[in-house]
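Let's take a walk through this structure together. Please have the sequence and the 3D view open as you read.

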Amino acid sequence: MFFLDVLSRFAHVGTAITMVGGTMFLLFVLLPSSQGLDELPRQSLSKAVLGRWKRFVHIGILLLLASGIYNYMQAIPGHKGDGLYHGMVGTKMILAFVIFFIASVLVGRSPKFEGMRNNRAKWLKVVVVLACVIVAISAFLKVRGLPS
């Protein structure tokens, strides 16, 4: 199923690039640029951007889960008994679930998480740092290759 393997890898990496790039844009470009706006225009811009970004977040989470599970299932036979690989992939998964939670909260409407949304820059920084850790783990595992 070479074609499906390539498609799944492309979907996973492409979605991750989109999600991390969008988060970095929000953090480093949009939030600082909107600080110079008056309150009403800033709220209007924020509402419009988050309304569109929410779709990317929800679809992105779905694509990352589906492609990640598929990619992991395909990799399992080559890493039988490879504790380091499975531990690092498990760490990636836990970090990804944390990112999914934060991203969902930041585009959500639950009053319970209004405090997080009011401190959006802090939580976007957390997402960026966690995403960088995931990328570093992925890079290590890719270069490390299969155990001998």
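This is a predicted model: local features need pLDDT of at least 70, side-chain atom pairs count only at pLDDT 80 or more; totals for chains, interfaces and linings use all residues.

The chain has 5 helices and 0 strands, so its pattern along the sequence, by the DSSP runs, reads α-α-α-α-α. Taken along the principal axes, the C-alpha atoms fill a box of roughly 60 × 30 × 25 Å. Of the 148 residues in the chain, 30% are buried. If we look at contacts with a separation of 6 or more, 72% of them join residues 24 or more positions apart.

Which residues of H5 are buried? They are Arg120, Leu124, Val127, Val128, Leu130, Ala131, Ile134, Ile137 and Leu141. The cover over these buried residues includes H1, H2, H3 and helix H4 (114-118). After H5 comes glycine 145, which has a positive phi, near 75°.

Now turn to helix H2, which runs over residues 39-75 and holds leucine 65. Is leucine 65 buried or partly exposed? Its relative accessibility is 30%, so leucine 65 counts as partly exposed. Setting aside residues up to four places away in sequence, leucine 65 touches Phe97 and Phe100. For a sense of distance, leucine 65 and methionine 24 are 41 residues apart in sequence, and their C-alpha atoms are 21 Å apart in space.

With ring centres within 6.5 Å as the rule for a pair, the count comes to 3 aromatic pairs. One of them joins tryptophan 53 and phenylalanine 56, whose ring centres are 5.9 Å apart and whose planes meet at 20°, so this pair is stacked. Both residues belong to helix H2, and because they are 3 residues apart, about one helical turn separates them. Tryptophan 53 is buried, with a relative accessible area of 13%, whereas phenylalanine 56 is partly exposed at 47%.

Another aromatic pair, phenylalanine 97 with phenylalanine 100, is edge-to-face, with 6.0 Å from centre to centre and 85° between the planes. These two residues lie in helix H3, 3 residues apart, or about one turn of the helix. Phenylalanine 97 has a relative accessibility of 49% and so counts as partly exposed, while phenylalanine 100, at 13%, counts as buried. Phe97 and Phe100 are also the residues that leucine 65 touches, its close sequence neighbours aside.

Between H2 and helix H3 (83-107) there is a loop, and aspartate 82 lies in it. Aspartate 82 has a relative accessible area of 6%, under the 20% limit, and is therefore buried. What is aspartate 82 in contact with, leaving aside its neighbours within four places in sequence? The answer is Arg144 and Pro147.

Rolling a probe the size of a water molecule over the atoms shows where empty space is left. The largest pocket has a volume of about 1400 Å³. Of the 50 residues lining this pocket, His12, Gly68, Lys92, Ile134 and Ser138 are the closest to its centre. By class, the lining of the largest pocket has 36 nonpolar, 9 polar and 5 charged residues.

The second largest pocket has a volume of about 330 Å³. It is lined by 14 residues, and those closest to its centre are Leu31, Ser34, Arg42, Ser46 and Arg120. H1 and H2 each supply at least two residues of the lining here, and H2 gives the most, with 8 residues. The lining of the second largest pocket splits into 6 nonpolar, 4 polar and 4 charged residues.

Technical notes: Residues are numbered from 1 along each chain as its sequence is written. Side-chain values use heavy atoms; hydrogens and water are left out. Helices (H or I, at least four residues) and strands (E, at least two) are DSSP runs, numbered from the N terminus. Buried means under 20% relative accessible area, exposed over 50%, partly exposed in between (1.4 Å probe, protein chains only). Contact means heavy atoms within 4.5 Å. Rings of Phe, Tyr and Trp (its six-membered ring) pair if their centres lie within 6.5 Å; planes under 30 degrees apart count as stacked, over 60 as edge-to-face and the rest as tilted. On a 1 Å grid over the protein atoms alone, a cavity is a set of points where a 1.4 Å probe fits but cannot get out, and a pocket is an open set with protein on both sides within 12 Å along at least five of seven lines; lining residues have an atom within 4 Å of a point. Grid points are joined across faces, edges and corners, and a volume is the space filled by probe spheres set on the points. Ala, Val, Leu, Ile, Met, Phe, Trp, Tyr, Cys and Pro count as nonpolar, Asp, Glu, Lys and Arg as charged, and the others, Gly among them, as polar.
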